[in-house]
Amino acid sequence: MKITHWIHIRPDVIILDGKALVSTGKGIEMLTSVYRNRINDYPKYFKMDSLSKLGFIASELLLQEEKERLVNVESRAIVFFNRSSSLCDDKNYQETIRDKDNYFPSPAIFVYTLPNIVTGEIAIRNKYYGETSFYVLDCLNTEKMKQIIDDAFQDEVTESVLGGWLECYDNNNFEAYLFIIKKNDKEEFLLDWNIETINKLIDTNK
Amino acid sequence: MGYIMIVKIADNIISPLGMTSEENYREVKKGRTALKVYKDRWGLPEPFTASLFQGDTIENAFSSFHSHAQYTEFEKAAILSIHQALQQTDVNPSSDRVQFILSTTKGNISLLDDNPYKFPEERVLLGSSAKNIAGFFHNPNQPIVISNACISGVCAQITAMRCLQNGSCDIAIVTGADIQSRFIVSGFQSFQALSPLPCKPFDRDRCGLNLGEAAATVIYSNSAPQDSEERWMPVSGAIRNDANHISGPSRTGEGSYRALRSILKGQDVNSIAFVNSHGTSTAYNDEMESIAITRAGLQDIPVNSLKGYYGHTMGAAGILESVISMHALDDSTILGTKGFENAGVSHPLHISSQNEQTDKTAFIKLLSGFGGCNASMFFKKGIIL
Amino acid sequence: MKETILKLKQEIIEALNLEDIHPEDIDDNAPLFGSGLGLDSIDALELIVLMEKNYGIKLKDHAEGKAVFQSIAVMADYIEKNRKK
């Protein structure tokens, strides 16, 4: 299998297919400036929590690189991993219910207290009807991550996976390593999808 | 790669209805439920109906382990369930050929609110909690946690099937658990999703869901025991997204239908005893499922929901409901849908209202969840030749 | 009433994260759901929270909400008549 595109995002840097992307600001501001400069057609972005914003921006930048952007298919699975689940949002939601005398639970925050919502946001944007999954590991384990992504291809409908590590602790502390992995691709091919490549990409960009 | 037969070798349910699968099934067959009204629980301003463990049930059951290490209620429930299931096998859980897979939506989330035993903050992390659970059994492998909203329990079983197929493990211990809390109940209340009374799946007077808590385990193996006993096999599973809305069900039942379509490939529809649906008793979910089930050509197959016995047990649901369904067919029974009286969905379905007899030995499990995700599995019982 | 309407628009923009929308962009009589601002079911639930938090008005359910949230003008009128804060 092949990696056709990959992206690494940290609060102060974006590397897309191995090249640094010019961007302004840091943290969530950086993501929002990317939204305004390169996307800017999806106001729902501003309703998303930080984890979903990170996943949305990362996937948009990847999908924009596709020769023919894939939309409206069942053949693309979204498989994400992290360590903190939706802890950032959990804490925000807890604040809305903490004080019994100022008790106003927020449904808009509560809905994001599930980490898989980001997979739903990407599926909605691109009309991906295939598998959407979210896994939580106690640490970034590339072998486990690769094994589970490879296993997603056991569903014979799945031809490609948008997958990887999507972590967000707060607005200034987040990290994404996302890949588009294709079963067969004669046209677009960047790198082999194997553990050596994955480790090299992650180690180089730590 | 050749297809390997995956078989169930053990199961357990820990719930307000009992501490073993057998006890749970007996109670459900009799029509019992633990659903009741709670007022002023957790300081919440609105009362709610739920199925919760009473008093120190989990604490008392766990005390027999004489464990020095500290565990949260969520972890204790999961450990108890796994332990009980393991007792039915000769599996050594400390082997590196055993993989722990945990399905949960919120795990130890109540620690954010109330942490009297001073667990470290890290314990709220699902992976950390899972490590403690697998660690109780001295398992050396990193546990896999599925947090895919309410479909997690089916996703966890699908993940297990895949691991066993590729040979990265020989035994998969799949556990689903969620404990209710102020955090979760208040959230569903803010969504106006809860019914003040016991829920009524697919009924015309349904007005919302009830929450529940439980732990359920199923142990799968990729090597069938050498005997002529009939065993349960998860045959196929699929996860599909509606690509429509992050909380509202699809008006066309898109993801649900596509998941059903996928798992039905190559299967004889006439072999199916029933479809155990999600059937949460919300206006939109049950309507959506009726559309999906009809689109998949299953409108004449009996459909039931177990939410009237257990409430919605979230991360445990997919496993608990699959296990009860297996025990039901072991007893040649299609369970009735507690709470259902009059049909209230636009597509007429064959809703099973009372317990019925059947001689069929296959069923479908169907679930949906926030994030637009849907999952389905096809289970069959037979002799592995 | 004009003050109520302006304050309400600002509150809604903030509560629903309607970035790039200013009070003058919102027509007092345009539908809030469906067309107009195109709000969805989660927005409706957040508006119910807003009514209670800012004005002490407890709406029973989304059926009641649907009637009150038809437009900014209808909302503002309801607030003026029923506010407890």
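How many bridges join strand 3 of chain B to strand 7 of chain B? Two, and the strands run parallel. Hi everyone, let me show you around. This is a predicted model: local features need pLDDT of at least 70, side-chain atom pairs count only at pLDDT 80 or more, and totals for chains, interfaces and linings use all residues. Residues are numbered from 1 along each chain as its sequence is written, while chains are lettered from A and ligands numbered from 1 in the order in which they are written.

Back to our strands, which are DSSP runs of E, at least two residues, just as helices are runs of H or I, at least four residues, both numbered from the N terminus. Strand 3 covers residues 48-51 of chain B, and A50(B) stands opposite L211(B) in strand 7 of chain B. They belong to an open sheet of three strands with order 2-3-7 and mixed pairing; two strands pair if DSSP finds at least two bridges between them. Strand 2 (35-38) and strand 7 (211-212) of chain B are the edges, each pairing on one side only.

Now zoom out. An automatic or database domain assignment gives the bounds: domain 1 (7-221) and domain 2 (230-383) of chain B. In domain 1 of chain B, 57 residues are in contact with 56 residues of domain 2 of chain B, contact meaning C-beta atoms, placed from the backbone, within 7 Å. Helix 5 of chain B gives the most to the domain 1 side, with eight residues.

Finally, chains A and C meet too: eight residues from chain A and eight residues from chain C take part.

How values were computed:
Contact = placed C-beta atoms within 7 Å.
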